Amino acid sequence: QVQLVESGGGLVQAGDSLRLSCAASGRVFTMAWFRQAPGKEREFVAGINYSGGSTNYADSVKGRFTASRDNAKNTLYLQMNSLKPEATAVYYCAGRHAVVVSKGHYDYTYWGQGTQVTVSA
């Protein structure tokens, strides 16, 4: 069983940047970020395969968010630039033992506890 622990959330202003981290207790092939705003369903944000050579992003964050990973540290990152108020949500790290990034939250086995990101206007 792999444990995932997110960090780096906080309160920022629109236009600011923030970097989230997710530390895994073991190796996970494919990792992703999801987010869930109050009253909304959990949605895919970004995903990355084990080598880092394949990434996938939600249309709403393309060009502003970047997923990366350091396999030596078993850590996943999400660099978020030009943040907008609609990015306010709890951000979750997820992982699965498959080679392909999936946008479906039901495809992921491991989940972190989430970290709150709040973007003020």
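This is a predicted model: local features need pLDDT of at least 70, side-chain atom pairs count only at pLDDT 80 or more; totals for chains, interfaces and linings use all residues.
Visitor: What share of the residues is buried?

Guide: Of the 121 residues in the protein chain, 45% are buried.

Visitor: Let me turn to the fold. How many helices and strands does the protein chain have?

Guide: There are zero helices and 11 strands.

Visitor: How do I read the radius of gyration against a compact globule?

Guide: Set the value beside the one for a globule with this number of residues. For 121 residues a compact globule would come near 14 Å, and the protein chain has 13 Å, so the two agree. As for its extent, the C-alpha trace spans about 40 × 25 × 25 Å along the principal axes.

Visitor: What part of the contacts with a separation of 6 or more joins residues 24 or more positions apart?

Guide: In the protein chain, such residues account for 58% of those contacts.

Visitor: And the charges: how many positive and negative side chains are there, and how far apart do the centres of the two sets lie?

Guide: The protein chain carries 12 positive and 8 negative side chains. The centres of the two sets are 5 Å apart.

Visitor: Now the rings. What describes a pair of aromatic rings?

Guide: Two quantities do: the distance of the centres and the angle of the planes. In this structure there are six aromatic pairs. Take Phe29 and Tyr50: their ring centres lie 6.1 Å apart with the planes at 75°, so this pair is edge-to-face.

Visitor: Why does the pair of Phe29 and Tyr50 tie together separate parts of the sequence?

Guide: Because Phe29 sits in the loop between strand 3 (18-24) and strand 4 (30-36), while Tyr50 sits in the loop between strand 5 (43-48) and strand 6 (55-57), the pair links parts 21 residues apart in sequence. Phe29 is partly exposed, at a relative accessible area of 29%, and Tyr50 is partly exposed, at 29%.

Visitor: What kind of pair do Phe34 and Tyr108 form?

Guide: That one is edge-to-face, with 5.3 Å centre to centre and 75° between the planes. Phe34 belongs to strand 4 and Tyr108 to the loop between strand 9 (89-96) and strand 10 (110-111), so parts 74 residues apart in sequence are tied together.

Visitor: Are Phe34 and Tyr108 buried or exposed?

Guide: Both Phe34 and Tyr108 are buried. They also belong to one aromatic cluster, together with Phe44, Tyr92 and Trp111.

Notes
Residues are numbered from 1 along each chain as its sequence is written. Side-chain values use heavy atoms; hydrogens and water are left out. Helices (H or I, at least four residues) and strands (E, at least two) are DSSP runs, numbered from the N terminus. The radius of gyration is taken over C-alpha atoms; the globule rule is 2.2 Å times the number of residues to the power 0.38. Buried means under 20% relative accessible area, exposed over 50%, partly exposed in between (1.4 Å probe, protein chains only). Contact means heavy atoms within 4.5 Å. Lys and Arg count as positive and Asp and Glu as negative; His and the chain ends are not counted. The place of a charge is taken as NZ of Lys, CZ of Arg, CG of Asp or CD of Glu. Rings of Phe, Tyr and Trp (its six-membered ring) pair if their centres lie within 6.5 Å; planes under 30 degrees apart count as stacked, over 60 as edge-to-face and the rest as tilted.
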